[in-house]
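Dear colleague,

I am passing on to you the structure shown below. My findings follow it, arranged by region.

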Amino acid sequence: MILGVMAKPPLSMKPTGWFQVAWSDEVAVGDVHRMKYFDREMIAWRAQSGQLTVMDAYCEHLGAHLGFGGHVVGEVIQCPFHGWQWNHEGRNVCIPYQDRPNRGRRMRTYPVVERNASVYIWHDAEGRAPHFDVPDIFADFGDKTAADYYPQQRLFREQLELHPQYVLENGVDFAHFKFVHQTPIVPVFTRHDFGEPWSYVDFTITFEGDDAQKIEDVNSGVEAINGGLGIAVTKSWGMIDNRTISAVTPVDDRTSDVRFMVYIGRTPGRDDQKTADRARLFGDEVIRQFTQDIHIWSHQRYSDPPALATAEYEGFTAIRKWAMQFYPDGLGGSAADLATRG
Ligand code: FES
Ligand SMILES: [Fe+2]
């Protein structure tokens, strides 16, 4: 990757919210998993009871990295350097060569939610507690459960030079569908609701037929819930039953990891391999379409304020204004700022 030719995102890479840092099955009981997000070395470890903890990686004693030789002992993690033990709250519970632990020092831990096979952490630069929840791809659409779908298909792309907000702005970007995803006609939005930390975007879209069809005759669409800037879940209707999760997490001040997950609905009464294979191929196609977006995002220069067509103004202004609440340092874009003052 030649960083010099790319464009560093002008938006803060330390937004507040829930962000995916792993998949649950990457951290089995007893595992210590290394990762870097928000410019910090972190570890995820799973206790004997199954409880998952995400904390900063460096031991508060003399600074050993717990991801290199730290190990899980029951419900605590033990440092490889001098054997100090830390619990899931980051508190020191044992110094092996002293009768009392150090009660004052604490490892920084992060609120964790495991949902839809993902591990999400709450990030807030000022350490404030979560003030909204992680969307659930089944419960929050209120209809089906994981049992109605084949297992999740995944895409993982590391350290791309893009910002989580690029991915969410895609949701109000009606014009790109025709050009990036070759939809026959431009989709039409039926809902834009940016009143809360969760925002809702619904649109009518088809991937079939030709450009002579009218949008009024299209009987398919997508509903999306954005849970802050880090997570977007979608449900499709009127087409092959699919749900997706896109999750974008800043790694440092230039790059983000992108995870994308697809669930394809099972066909009632059809448990055969051929049906499962067809579902897998369709899931691959949904992932392929997402990589078309990634190709644009990972090379784009964020345009702010952007040159917008008249019909684009409302959606982009609404989402950029909504996004500002997740930037404690106020870096949310001048278009959003203008919208707030205007
Ligand atoms: S550095 Fe961790 S116990 Fe000493
Ligand atoms: Fe797209």
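In this predicted model, the span of residues 18–121 is 0% helix and 43% strand, and its end C-alpha atoms lie 5 Å apart. An unreviewed UniProt entry places the feature "domain: Rieske" at these positions, residues 18–121.

An open sheet of four strands has the order β5-β6-β7-β8, and its pairing is antiparallel. The strands β5 (71–73) and β8 (92–94) stand at the edges with a single partner strand each, so one side of each has no neighbour in the sheet. Three bridges link β5 to β6 (residues 76–78), and the two pair in the antiparallel sense. Val-73 has Val-76, in β6, as its bridge partner.

I turn next to the seven-stranded sheet. It is open as well, with antiparallel pairing and the order β12-β18-β17-β16-β15-β14-β13. Its edges are β12 and β13 (188–193); each of these has a single partner strand, so one side of each is left without a neighbour in the sheet. From one strand to the next, the twist averages 15°. Helix α3 packs on this sheet, where it touches β12, β17 and β18, and its direction makes about 150° with that of β18.

Several pairings within the sheet can be followed residue by residue. Strands β14 (residues 198–204) and β15 (residues 221–227) are antiparallel and share seven bridges; Val-201 is placed opposite Ala-224 in β15. Strand β16 (residues 231–237) runs antiparallel to β17 and is joined to β17 by five bridges, with Ser-246 in β17 as the bridge partner of Ala-232. The hairpin formed by β16 and β17 has four residues between the strands, and Gly-238 in the turn has a positive phi of about 80°. On the way from β17 to β18 there is a hairpin of five residues. These two strands, β17 and β18, pair in the antiparallel sense over nine bridges, and Arg-243 stands opposite Tyr-263 in β18.

How much of β17 is covered? The strand is mostly covered, with nine of its nine residues buried. Asn-242, Thr-244, Ser-246, Val-248 and Pro-250 point one way from β17, while Arg-243, Ile-245, Ala-247 and Thr-249 point the other way; all are buried.

The helices come next. Helix α3 (residues 273–297) has 25 residues, which at 1.5 Å a residue should span 36 Å; the end C-alpha atoms are 36 Å apart, in agreement with that value. Its buried residues are Ala-279, Gly-283, Val-286, Phe-290 and Asp-293. An α-helix has 3.6 residues a turn, so residues three or four places apart point the same way. The buried residues of α3 pack against β12 (153–160), α2 (176–180), β17 (242–250) and β18 (256–264).

Helix α4 (residues 310–323) can be checked likewise: its 14 residues should span 20 Å at 1.5 Å a residue, and the end C-alpha atoms are 21 Å apart, which agrees. The buried residues of α4 are Phe-316, Thr-317, Ile-319, Arg-320, Trp-322 and Ala-323.

One residue in a loop also deserves a note. His-181 is located in the loop between α2 and β13. Apart from neighbours within four places in sequence, His-181 is in contact with Gln-289 and Gln-292. His-181 and Asp-293 are 112 residues apart in sequence, yet their C-alpha atoms are 8.3 Å apart in space. Asp-293 is one of the buried residues of α3.

Not counting residues up to four places away in sequence, Ile-43 touches Val-32, His-33, Arg-34, Met-55, Ala-57, Leu-66, Gly-67 and Gly-70.

With kind regards

Methods. Residues are numbered from 1 along each chain as its sequence is written. Chains are lettered from A and ligands numbered from 1 in the order in which they are written. This is a predicted model: local features need pLDDT of at least 70, side-chain atom pairs count only at pLDDT 80 or more; totals for chains, interfaces and linings use all residues. Two strands pair if DSSP finds at least two bridges between them. The expected span of a helix is 1.5 Å times one less than its number of residues. A residue is buried if 20 or more other C-beta atoms lie within 10 Å of its own, exposed if 12 or fewer, and partly exposed in between; C-beta atoms are placed from the backbone. Two residues are in contact if their C-beta atoms, placed from the backbone, lie within 7 Å. Axes are lines fitted to C-alpha atoms, for helices over the stretch in contact, and angles run from 0 to 180 degrees between N-to-C directions. UniProt positions are given in the numbering used here, feature names are shortened, and annotations may be inferred rather than shown by experiment.
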